[in-house]
Amino acid sequence: MAVNLDKEAYYRRIKRLYSNWKKGEDEFGKVDAIVVSVGVDEEIVYAKSTAIQTWLFGYELTDTIMVFCDTKIIFLASKKKVDFLKQVAVTKGNENANGVPPITLLTREKNESNKANFDKMIEAIRGSKEGKTVGVFSKDKFPGEYMKSWNDTITAEGLEKVDISAVVAYTMAVKEDGELGLMKKAAAITSEVYSKFFKERVMEIVDADEKVRHSKLAESVEKAIEEKKYLGGADPSTVEMCYPPIIQSGGNYSLKFSVVSDKNHMHFGAITCAMGIRYKSYCSNLVRTLMVDPPQEMQDNYNFLLQVEEELLKELKHGVKICDAYNSVLEYVKKEKPDLVSKLTKNLGFAMGIEFREGSLVLNAKNQYKLKKGMVLSISLGFADLVNKDGKKDEQKKYALFIGDTIQINEEEAATILTPVKKKIKNVGIFLKNDDEEDEEEDGDDAEELLGKGARSAALLADRTRLLGKNEMTAEEKRRAHQKELANHLNEEAKRRLTEQKGEQQIQKARKSNVSYKSVSQMPREKDIRRHEDLHRAKVETVIMPVFGIMRDFHIHTLHQRLQATRRCLHQPAGAFRIIKEVQKRYKITVKKERRKSSKGLSTNCQLNTCNPQAQRPLHQATCRTEEDAGLTGKHILMGEATEVIVCYWATLGGKFKSCQRCSVKKHLVSPPRTGSDFRQSSGDKVDILYNNIKPRLPLPAICGQGR
């Protein structure tokens, strides 16, 4: 299938190139011809030679030489590339109706010299204007004998080379509507990856107090763009990183895009992140700083940095010199906070497009180029080497603040931000709740024991009501307040109705709440939970177990009162055994320890403690409390008052049940059940196990204890 070339885009852009060349401004006025030669080098990501090919044709054409003369254009390439370029070639000797010089296509010879083709191109250069100077991209140097022989030919002819990188970059800097659409899409993807992956991942790391290296976190961001859910419907094959994500923290900061993420562990202080995503060859960029428990001085400096960016956006308009915009921002910093002038980054950004960074269009104090409507810039500004007076450790004493966005230059209005990721202090500040901020109903010691090092629930500053005015409430807070008001009203109404029915108000004994965790964020983030294994928390009297593959918490009182027929699979080394738990409500049974070997070397036991001692302890404690509340005496209670869990083992050999031996029935309250399995004791007594919610008496084998 032939690859199509956008002819209209080619004619528009080649006309713009020739128009600026004929104006003779800057370096364009010094050259008689323009030479663009592209070789093969996998290590070169950005080059002006490949950028102009992509700009004109939509593709990179390796091992191709282009010569733009005053009255003709010559392309030297392989046969396949020549066939591709025929879509824009014109009839010999005639100027195209689109107003551009005619194209001559030369097919590259198999030998490396290509002397005959080189002679034709040199002849065309000699016939263009004065034929003495050629415009080249001096930084682009491709390896290989083919490129070397061509460069040697130019040198041997005595042609003077002039670097035209800056003027060509300025020509390509103004983006068409189609290009702007691609750059907006790239910026949207960058915003999605940052918000939905990187920021959430940092929150998890801080919440769980994990130790993650900057380099590993950067690698995970690169892998995230392979998932379609972060790409906003874009084809993953058209998306790539502009550069490896740069993540820095812990006092080691370099506010540049030429550095790489180091192997140090991420420090919970000021965390800077820079990432850029390229969509269909067009780049975007985003820079943010996340702060964990920032002191007030850090917050003030960050807020001032946001003000500096706002001033920069106001200055970046059509017709404004880049140096004037930079100097205006510098004067603003000198006026408001002169002590931060030396901390400000040396440049405030650069133009961006097919190449990530246009070196000739950097926002600094010396650049004389004027901004034009349709240009897209990557602005990035920050304060480096700031001192944290509250810091005690070395990594806390020094920090940096860095922000940046992809913007579009407008006619008269301030520049438009294409990466609308919120960056106010309430959106990037991660504040860890202290003990005095916890709910009064929760025990701080229990929460600390429950979550261990992760006992610090992370919350964005937006959730902290202390920064909101007395009369200011967010929409979520208004909703919660209204729900609380409705709940209070319903409770009062129910209380009044019950009081009227009884004739007088009765004081009921307060019950302890059966709620183990009030939110998902309070649940422990431990490896056992992620492996879908049972976890028992004695402090909060909770058993965490998988239900249909999802970990759910069950308070021990809930197990007593509601789970009348619970089936659970537990890990047992002997693969021939299956375990079933049944809640027996009609019998009071004490199961004693026993372990014995079957004829084929398989062990059986009938004891809850051997199943999981951690589960028995809170169960026993809750049973004792329930016994005291019921006014019972002795070591055992009636199962009608509180349920008890029985663990029974059976071997699958021969399809027969193994009898539970030495099980003593303390009290028989009602008649035996109609359905179930009989287990006989050595004394001849039998114990019936109920299957209240299970239709087949023999359950199917379970897998890995994950509720499947």
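1. Buried, in this note, means under 20% relative accessible area, exposed means over 50%, and partly exposed is what falls in between (1.4 Å probe, protein chains only). By that rule Glu 358 is buried, at 8% relative accessibility. Across the protein chain, 46% of the 708 residues count as buried.

2. A word on what you're looking at: this is a predicted model, where local features need pLDDT of at least 70, side-chain atom pairs count only at pLDDT 80 or more, and totals for chains, interfaces and linings use all residues. Residues are numbered from 1 along each chain as its sequence is written, and side-chain values use heavy atoms, with hydrogens and water left out.

3. On the overall fold, the protein chain has 18 helices and 26 strands; these are DSSP runs numbered from the N terminus, with helices (H or I) of at least four residues and strands (E) of at least two. As for contacts (heavy atoms within 4.5 Å), take those between residues at least 6 apart in sequence: 69% of them join residues at least 24 apart.

4. Back to Glu 358, which sits in the loop between E10 and strand E11 (376-387). Setting aside residues up to four places away in sequence, Glu 358 touches Lys 48, Ala 169, Phe 350, Ala 351 and Met 352.

5. The whole structure has six cavities of 30 Å³ or more, a cavity being a set of points, on a 1 Å grid over the protein atoms alone, where a 1.4 Å probe fits but cannot get out; lining residues have an atom within 4 Å of a point. The second largest cavity holds about 80 Å³ of space, where grid points are joined across faces, edges and corners and the volume is the space filled by probe spheres set on the points. Its lining includes Glu 358, along with Trp 55, Lys 175, Glu 179, Tyr 282 and Val 376.

6. What classes of residue make up the lining of the second largest cavity? There are eight nonpolar, one polar and three charged residues. The classes are: Ala, Val, Leu, Ile, Met, Phe, Trp, Tyr, Cys and Pro as nonpolar, Asp, Glu, Lys and Arg as charged, and the others, Gly among them, as polar.

7. Lys 175, one of the lining residues, is in the loop between helix H6 (165-173) and helix H7 (177-208). Lys 175 is buried, with a relative accessible area of 9%. Beyond its neighbours within four places in sequence, Lys 175 is in contact with Leu 180, Met 183, Tyr 282, Met 352, Gly 353, Gly 374 and Val 376. The C-alpha atoms of Lys 175 and Val 376 are separated by 7.4 Å, although these residues are 201 apart along the chain.

8. Now the rings. The search turns up 19 aromatic pairs: rings of Phe, Tyr and Trp (its six-membered ring) pair if their centres lie within 6.5 Å, and planes under 30 degrees apart count as stacked, over 60 as edge-to-face and the rest as tilted. Phe 57 and Phe 75 make an edge-to-face pair, 5.7 Å centre to centre with 90 degrees between the planes. This pair links distant parts of the chain, with Phe 57 in helix H2 (residues 48-57) and Phe 75 in strand E3 (residues 73-77), 18 residues apart. Phe 57 is buried at 3% relative accessible area, and Phe 75 is buried at 1%.

9. Phe 257 and Phe 350 have ring centres 5.8 Å apart and planes at 90 degrees, so this pair is edge-to-face. Here Phe 257 is in the loop between strand E7 (239-248) and strand E8 (270-279), while Phe 350 is in strand E10 (residues 349-351), 93 residues apart. Phe 257 counts as buried at 18% relative accessibility, and so does Phe 350, at 2%.

10. Ring pairs also join Tyr 10, Tyr 11, Phe 57, Phe 68 and Phe 75 into a cluster. Elsewhere, Arg 108 lies over the face of Tyr 146, at 4.0 Å from the ring centre; the test is NZ of Lys or CZ of Arg within 6 Å of the ring centre and within 35 degrees of the ring normal.

11. Two backbone spots to check: Asp 26 has phi near 55 degrees, and Asp 63 has phi near 50 degrees. Asp 26 is partly exposed at 48% relative accessibility, and Asp 63 is partly exposed at 22%.

Note on methods: 1 Å grid on protein atoms, 1.4 Å probe; cavity = no way out; pocket = protein on both sides within 12 Å on 5 of 7 lines; lining within 4 Å.
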